Amino acid sequence: MNTLWLGKVVAGGARVEVATDSLVTHGVCVGMTGSGKTGLCIALLEELAAAGVPVVAIDPKGDLTNLALTEPPVEGAASWQAGQASWGITAADVAAWKAKVDLRIYTPGSNAAEGVDVLAALRRPAEAEDEETRRERVIGTVSALLGLAGEEADPVRSPAHVVLSRILSEAWARGDDPDLEQLVALLLDPPFVKVGVFPTDRFFPPDDRFALARKLNAVLVSPAFAAWNQGSALDPERLFAPSAGKTPVHIFTIAHLSEVERQFFVGLLLERVALWTRSLPGSTRLRGLVFFDEVWGYLPPHPKNPPTKRPLLTLLKQARAVGIGVMLATQNPVDLDYKALSNTGTWLLGRLQTRNDRDRVADGLSTAGLDRSMVDQLLDSLQPRRFLLYQSTKTPAVFDVRWTRTTLTGPLTRSQLRAIARPSQPPPLPPSQPFGAPPPAPP
């Protein structure tokens with residue numbers, strides 16, 4: 001059975017390992033700034049890649065791009081290598097890990113790294129799909145488009161969503177591949193006169209359609225718009241497929257985007273992944289993992305409903321049946337929908353900043369069967385780079401996070417990202433000291 005090495009138990013020094021397949025039931029990693037959450041998450045991603053588990057990672061801050069850095073930092077190289085050696089990590093281990101991983105970094109809406117043809121989502125699917133899957137694809141695409149226009153629309157009750165969904169669905173049925181410009185034109189003059197029993201102009205009046213069309217048109221005429229349709233299409237089957245015997249790790253870094261653009265892109269990506277999982281046979285083995293760093297704002301409690309929330313909850317509820325896990329990381333668990341926490345089987349808990357966050361975590365673990373006073377005591381014992389691991393079938397363990405194989409420097413610059421995407425020369429490392437690494441283990 002493959003395991004993921006995360007560190008060592010504080011009391012006794014035994015290795016802390018998580019069964020790879022246990023992440024089929026999803027996981028959550030929480031910890032305030034300075035808790036060491038980034039180092040732990042990168043260690044986890046390193047282990048998944050080493051175990052041959054494909055990863056699709058969403059990176060709102062840019063920290064996960066450090067997985068591309070396998071050379072010691074420019075400054076403090078000796079200290080860094082000594083830290084690795086204290087955990088038994090050698091230069092040969094790092095080289096072997098690098099040779100095993102097919103790491104790709106994408107910057108949707110930008111040419112800094114690999115581009116993404118996001119607007120390919122408007123094209124009709126090439127494969128034959130049943131009616132329900134086609135309907136889900138339309139709903140996800142329209143939800144993301146409306147998010148890009150700054151509209152939070154319910155797929156059932158919103159006239160904007162209903163009309164735009166019908167426009168896109170009928171275009172696909174005719175064999176058309178509309179682009180955004182054509183959708184804007186069809187929104188102004190819909191190709192149908194009634195929606196249910198209502199005339200179209202009463203169900204979604206012309207003035208309201210024009211206001212939405214104007215918002216979408218502003219996106220269309222933006223100078224940055226061209227970058228949204230350059231690069232690879234969002235094809236989950238390709239993203240999760242092994243490449244030449246290597247483990248694929250695809251990082252979508254979105255730190256450069258506005259919040260509206262982030263919601264648009266992430267909503268489309270998650271909808272595509274959720275739809276793809278419906279085509280997979282059942283499995284109890286972990287065949288792939290979606291990792292979402294800093295998920296704050298993308299899975300908020302009721303009544304907020306951004307375009308990312310629906311597909312994330314779908315993955316948490318359904319993807320485990322086909323062997324696709326989800327790992328969420330956040331500083332503030334109180335900002336997560338409670339249904340998300342109740343659907344996770346692995347908890348990695350670091351220092352928490354507020355009483356509300358501690359109460360949310362303690363409530364969740366108490367529901368899972370742990371004594372509340374014991375939970376409070378364990379949380380009180382946590383220091384920086386020290387975490388509590390809880391899985392329902394195991395005794396909770398407080399552990400120190402292991403040193404990472406890759407160098408932790410913080411978000412990479414555009415020039416570094418370009419060098420990684422176009423590797424004519426090694427990506428330069430910043431001159432600053434690395435941060436976020438766990439301290440060397442005591443002798």
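Helices (H or I, at least four residues) and strands (E, at least two) are DSSP runs, numbered from the N terminus. Keep that in mind as you click through this predicted model, where local features need pLDDT of at least 70, side-chain atom pairs count only at pLDDT 80 or more, and totals for chains, interfaces and linings use all residues. Residues are numbered from 1 along each chain as its sequence is written, and side-chain values use heavy atoms, with hydrogens and water left out.

**Stop 1: the sheet**

Start by showing the strands. They include an open sheet of 11 strands with mixed pairing, in the order β2-β1-β13-β12-β11-β3-β10-β9-β4-β8-β5; two strands pair if DSSP finds at least two bridges between them. Which strands stand at the edges? They are β2 (15-19) and β5 (101-106), and each has a single partner strand, so one side of each has no neighbour in the sheet. From one strand to the next, the twist averages 30 degrees. Axes here are lines fitted to C-alpha atoms, for helices over the stretch in contact, and angles run from 0 to 180 degrees between N-to-C directions.

**Stop 2: K37**

Select K37, which is found in helix α1. Is K37 buried or exposed? Its relative accessibility is 5%, so K37 counts as buried. Buried means under 20% relative accessible area, exposed over 50%, and partly exposed in between (1.4 Å probe, protein chains only). Not counting residues up to four places away in sequence, K37 touches C29, V30, G31, D293, E294, A329, T330, Q331 and F387; contact means heavy atoms within 4.5 Å.

**Stop 3: strand β9**

Next, select β9, residues 283-292. Seven of its 10 residues are buried, so β9 is largely enclosed by the rest of the structure. Strand β4 (residues 55-59) runs parallel to β9 and is joined to β9 by four bridges; look for V55 opposite L289. β9 also pairs with β10 in the parallel sense, over six bridges. There, V290 has V326 in β10 as its bridge partner.

**Stop 4: the loop between β9 and α11**

Follow the chain to E294, in the loop between β9 and α11. Phi of E294 is near 50 degrees, a positive value in a residue other than glycine. E294 is buried, with a relative accessible area of 10%. P303 lies in this loop between β9 and α11 too, and a cis peptide bond with omega of about 15 degrees joins H302 and P303. Most residues other than glycine have a negative phi, and most peptide bonds are trans.

For another positive phi, jump to H26, where the value is about 70 degrees although H26 is not a glycine. H26 is found in the loop between β2 and β3, and it is buried, with a relative accessible area of 0%.

**Stop 5**

Select helix α11, residues 309-318, where K309, P311, L312, L313, L315 and L316 are buried. These buried residues pack against α10 (259-277), β9, β10 (322-330) and α12 (338-342).

Which members of the largest nonpolar core touch the most others? Of its 85 residues, they are F265 and L328. A nonpolar core is a set of buried Ala, Val, Leu, Ile, Met, Phe, Trp, Tyr and Cys residues joined through side-chain atoms within 4.5 Å. The largest share of this core, nine residues, comes from α10. Apart from it lies another core of 48 residues, including V16, C29, L44 and L412.

Centre on L328: leaving aside neighbours within four places in sequence, its contacts include F292, L312, L316 and A340.

**Stop 6: two crossing helices**

Show α13 (residues 355-367) and α14 (residues 372-380), which pack at an angle of about 135 degrees with their axes 9 Å apart. Among the residues that meet here are R355 and L365 in α13, and R372 and L379 in α14.

**Last stop: A95**

Finish at A95, in helix α3 (residues 91-100). At 46% relative accessibility, A95 counts as partly exposed. A95 and R405 are 310 residues apart in sequence, and their C-alpha atoms are 9.3 Å apart in space.
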